[in-house]
Amino acid sequence: MRKILILGTILLSLTACDSERLKKAKAIMAQDESLQDIQVVILFDNSISYKPFIEDTLVQVKGVFQHVAAKYPEAEVSLVMIDTKATIIYSGLSRDLQRAYDDLSNRLRNETAMFTNLTDAVNKALYFLGKAKSRKKVLLVFSDMKHSMPDYFPQDIEVVPPPSDFPWDGLKGVETYAFYVPYKEWREWGKVLNEKGLKITVKLPEELKTAKVTQIIFKEEE
């Protein structure tokens, strides 16, 4: 009789453990199902030095918008202008990007920033990415990477180094790309990235004459 009681106790204990494990597994699955597939934030340079690349940028970005809207219609996408202070152009579902594209095109073609604040723009991007519940977080930067604020811009040198207050640590865990970055600028950024142990996929202007941004970002889906 005693042996039966002991065996019963063991079985109940095992059943309770299995039940607890099942609950935890279901909770993890529910949490995973609630995650979005992807969250995308795109930064756009609005400076005089970037103007030669505006039309090419708009062609490339249209392809990105179409791909994301078709494959991830419920994905959150945010568009931010790199201006004196970061300007949010759009933040919402990818299925509404056509309207956002029209606004973006108008701004990039007809407005020019006197100064560009990369730090503020990236901080704004990290805010959107930080509050997102997504499996994949992507940051795209269309810029020549020349941070140019009144108290910072080195007028007497050709290459502008990365700003000292740039949020490097925030890029950890974020799939980051930068497009139309001049080689000389990229050498300066590359040095700091190596020191920080970070990676940004960079494409120079000459590389993008034949390459599609969608193939670079979504190479496994094309």
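This is a predicted model: local features need pLDDT of at least 70, side-chain atom pairs count only at pLDDT 80 or more; totals for chains, interfaces and linings use all residues.
Trainee: Is F128 buried or exposed, and at what relative accessibility?

Mentor: F128 belongs to helix 4, where helices (H or I, at least four residues) and strands (E, at least two) are DSSP runs numbered from the N terminus. Contact here means heavy atoms within 4.5 Å, and, leaving aside neighbours within four places in sequence, F128 is in contact with Q39, V41, S78, V80, I88 and S91. F128 counts as buried because its relative accessibility is 5%.

Trainee: How many residues of the chain are there, and what share of them count as buried?

Mentor: Read along the sequence, the chain follows the pattern α-β-α-β-β-α-α-β-β-α-β-α, which comes to 6 helices and 6 strands. Among contacts between residues at least 6 apart in sequence, 75% join residues at least 24 apart. The chain has 222 residues, and the share of them that count as buried is 45%.

Trainee: Which residues is V213 in contact with, leaving aside its neighbours within four places in sequence?

Mentor: V213 lies in helix 6, which covers residues 213-217, and V213 counts as buried because its relative accessibility is 0%. T57 is 156 residues away along the chain, yet the C-alpha atoms of V213 and T57 are separated by 9.5 Å. With neighbours within four places set aside, the contacts of V213 are Q60, V64, F142, F179 and L208.

Trainee: How far apart in space are I54 and R109, C-alpha to C-alpha?

Mentor: I54 is found in helix 2, residues 54-71, and counts as buried because its relative accessible area is 4%. Beyond its neighbours within four places in sequence, I54 is in contact with D45, L108 and R109. I54 and R109 are 55 residues apart in sequence, and their C-alpha separation is 7.2 Å.

Trainee: Is Q98 buried or partly exposed, and with what relative accessible area?

Mentor: Q98 is found in helix 3, residues 97-110, and it is 32 residues from Q66 in sequence but 8.5 Å from Q66 in space, C-alpha to C-alpha. Q98 is partly exposed, because its relative accessible area is 49%.

Trainee: Why does the length of helix 5 agree with what its residues should span?

Mentor: The expected span of a helix is 1.5 Å times one less than its number of residues. Helix 5 has 14 residues, 183-196, so it should span 20 Å, and the distance between its end C-alpha atoms agrees, at 20 Å.

Trainee: What is included in the cover of the buried residues of helix 5?

Mentor: In helix 5, the buried residues are E185, W189, G190, V192 and L193. An α-helix has 3.6 residues a turn, so residues three or four places apart point the same way. What covers the buried residues of helix 5 includes helix 4 (118-131).

Trainee: What is the phi of M145, a residue other than glycine?

Mentor: M145 is found in the loop between strand 4 (134-142) and strand 5 (175-179), and is buried, with a relative accessible area of 6%. Most residues other than glycine have a negative phi, and most peptide bonds are trans. The phi of M145 is positive, near 60°.

Trainee: What positive phi does Y180 have?

Mentor: Y180 is placed in the loop between strand 5 and helix 5, and it counts as buried at 2% relative accessibility. Although Y180 is not a glycine, it has a positive phi of about 65°.

Trainee: Which residues line the largest cavity?

Mentor: On a 1 Å grid over the protein atoms alone, a cavity is a set of points where a 1.4 Å probe fits but cannot get out, and lining residues have an atom within 4 Å of a point. Grid points are joined across faces, edges and corners, and a volume is the space filled by probe spheres set on the points. The count comes to 1 cavity of 30 Å³ or more, and about 40 Å³ of space lies in the largest cavity. Its lining residues are V122, L139, V141, M145, F166, L171, T176 and I200.

Note on methods: Residues are numbered from 1 along each chain as its sequence is written. Side-chain values use heavy atoms; hydrogens and water are left out. Buried means under 20% relative accessible area, exposed over 50%, partly exposed in between (1.4 Å probe, protein chains only). On a 1 Å grid over the protein atoms alone, a cavity is a set of points where a 1.4 Å probe fits but cannot get out, and a pocket is an open set with protein on both sides within 12 Å along at least five of seven lines; lining residues have an atom within 4 Å of a point.
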